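I have one model to go through today. Please look at the sequence and the structure first, and then I will take the fold, the surface and two places on it.

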Amino acid sequence: EGLVKFKKPQTIGAIAVYEDNTGPIPSGQGTLEKTAMHFGLYVHNAKSGQWTRVAYAVDNTDLVNVFTFPATDADQVKYFWAGRDYAGATDGTVRSAEIEVYATEDSTLLIDTGKPGGDDDLKIDL
């Protein structure tokens, strides 16, 4: 399980999970997996305090997975590795190498250029 906490709530609408591309790994009993086969992504709603599963993968073989979901004001994101339903078919290694969280297209990004409240603050609409 991996948990990321934001300093302040962010409006997010997509998460990408990148797998470790160094696999597959040969072993004495065959080839070990090169992707996390079963995992879920959860978002903690900053307003309600509730966790919601926004995505999951079963029998995953993709090195890149991108999941979109309704825009949520989130203060935490959780990655939960669930292995497989049958324990003997997994090598037990989590292969996720990077997780990226994306804001929605209608979000506003505020960039502070150094003078709080000054005329040189820049507002960018994405």
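**Fold and surface**

The protein chain has nine strands and zero helices; both are DSSP runs numbered from the N terminus, helices being H or I with at least four residues and strands E with at least two. This is a predicted model, where local features need pLDDT of at least 70 and side-chain atom pairs count only at pLDDT 80 or more, while totals for chains, interfaces and linings use all residues. Residues are numbered from 1 along each chain as its sequence is written, and side-chain values use heavy atoms, with hydrogens and water left out.

Take contacts with a separation of 6 or more: in the protein chain, 71% of them join residues 24 or more positions apart. Contact means heavy atoms within 4.5 Å.

Of the 126 residues in the protein chain, 27% are buried. Buried is under 20% relative accessible area, exposed is over 50%, and partly exposed is in between, with a 1.4 Å probe and protein chains only. The protein chain exposes about 8,200 Å², and 51% of that comes from carbon and sulfur atoms; the areas are Shrake-Rupley values with a 1.4 Å probe, and for residues only the protein chains shown count as cover.

Now Tyr56, in strand S5, residues 51–57. Tyr56 counts as partly exposed because its relative accessibility is 48%. Beyond its neighbours within four places in sequence, Tyr56 contacts Phe39, Gly40 and Phe67. Phe39 is 17 residues from Tyr56 in sequence, with 5.6 Å between the C-alpha atoms.

Last, Val64, which belongs to strand S6, residues 64–81. Its relative accessibility is 44%, so Val64 is partly exposed.
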